[in-house]
Amino acid sequence: MLRRRDLPVSERAPISARDVTVVIPCMNEAGSLPGVLAAVPRDYRTVVVDNNSTDDTAAVAGTHGATVVWEPVPGYGAAVHSGVLAAQTPVVCVLDGDGSMNPGELPRLVSALESGADLAVGRRRADRRGTWPLHSRIGNAVVAARLRRRYGLPVHDLGAMRAVRRQDLLALGVDDRRSGYPLQLLVLAGRAHWRVVERDITYRPRTAGASKVSGSLKGTVVAVHDFWKVIG
């Protein structure tokens, strides 16, 4: 497992826009992808991972300039891992393809890496009432509180949007291929004494389709079950 680096911030290579790939795991997000891809910062590369979509997700992604990767193994973690493997840049960012997060806020997280962070994660701030269902917010808060107590991580969210150096992430050895991936990433980062920082990001209603997790009680229960298997 990769331990925290001691290289002074002043000696780290600066990160240009061309050094960043945005990985977007997707299942049936054809309706949201055009807006998401249009908002990706200029010169960032984009990899859309199609995780068994039954709509035109792959075609829409390709039409809008993204590299498309197919991942047949179902699960958020499987899709993210495939996208990270496909990326060819020193830095990778991850966010959902449902339009609930603004890719234009990614430079805020990338900047944190330049300032010394090993991992930068977004803390969702709903832009209107009802955006984030209560059952999902409660489950997220409980797990985040345990991360703070057990690992001393300064987080209040599970990092649905994140930025990290690609080789560091691969060396960390995250192997959860389901919805527990973001939590395992934070747990392993805590154990490795990574510098983890949190930045506020805007959280808004998805622009099309239905949520696979937070939009339903069943999806949230499944995700929380996966989370507790990871955190113990």
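This is a predicted model: local features need pLDDT of at least 70, side-chain atom pairs count only at pLDDT 80 or more; totals for chains, interfaces and linings use all residues.

Colleague: Why does Ile138 count as partly exposed?

Modeller: Ile138 has 47% relative accessibility. Buried means under 20% and exposed means over 50%, so Ile138 falls in between and counts as partly exposed. Ile138 lies in helix α5, residues 134-151.

Colleague: What makes Leu134, Ile138 and Val142 a nonpolar patch on the surface?

Modeller: Patch members need over 30% relative accessible area and no salt bridge, and nonpolar side chains are joined within 5 Å. Leu134, Ile138 and Val142 form such a patch, with about 270 Å² of accessible area together. For Ile138, the 47% is over the 30% cut-off, so the area condition is met.

Colleague: Why is the pair of Tyr76 and Tyr181 called edge-to-face?

Modeller: The count comes to one aromatic pair. The ring centres of Tyr76 and Tyr181 are 6.4 Å apart, within the 6.5 Å limit, and their planes stand at 70 degrees, over the 60 needed, so the pair is edge-to-face. This pair links distant parts of the chain, with Tyr76 in helix α3 (residues 76-86) and Tyr181 in helix α7 (residues 181-191), 105 residues apart.

Colleague: How do you know whether Tyr181 is buried or exposed?

Modeller: Tyr181 has a relative accessible area of 2%, under the 20% cut-off, so Tyr181 is buried.

Colleague: What makes Arg124 a charge over the ring of Tyr203?

Modeller: The charged end of Arg124 sits 5.1 Å from the ring centre of Tyr203, and the distance limit is 6 Å.

Conventions
Residues are numbered from 1 along each chain as its sequence is written. Side-chain values use heavy atoms; hydrogens and water are left out. Patches are made of residues with over 30% relative accessible area and no salt bridge: like charges are joined within 9 Å, nonpolar side chains (Val, Leu, Ile, Met, Phe, Trp, Tyr) within 5 Å. Accessible areas come from the Shrake-Rupley method with a 1.4 Å probe; for residues, only the protein chains shown count as cover. A salt bridge is a side-chain nitrogen of Lys or Arg within 4 Å of a carboxyl oxygen of Asp or Glu. Helices (H or I, at least four residues) and strands (E, at least two) are DSSP runs, numbered from the N terminus. Buried means under 20% relative accessible area, exposed over 50%, partly exposed in between (1.4 Å probe, protein chains only). Rings of Phe, Tyr and Trp (its six-membered ring) pair if their centres lie within 6.5 Å; planes under 30 degrees apart count as stacked, over 60 as edge-to-face and the rest as tilted. A charge sits over a ring if NZ of Lys or CZ of Arg is within 6 Å of the ring centre and within 35 degrees of the ring normal.
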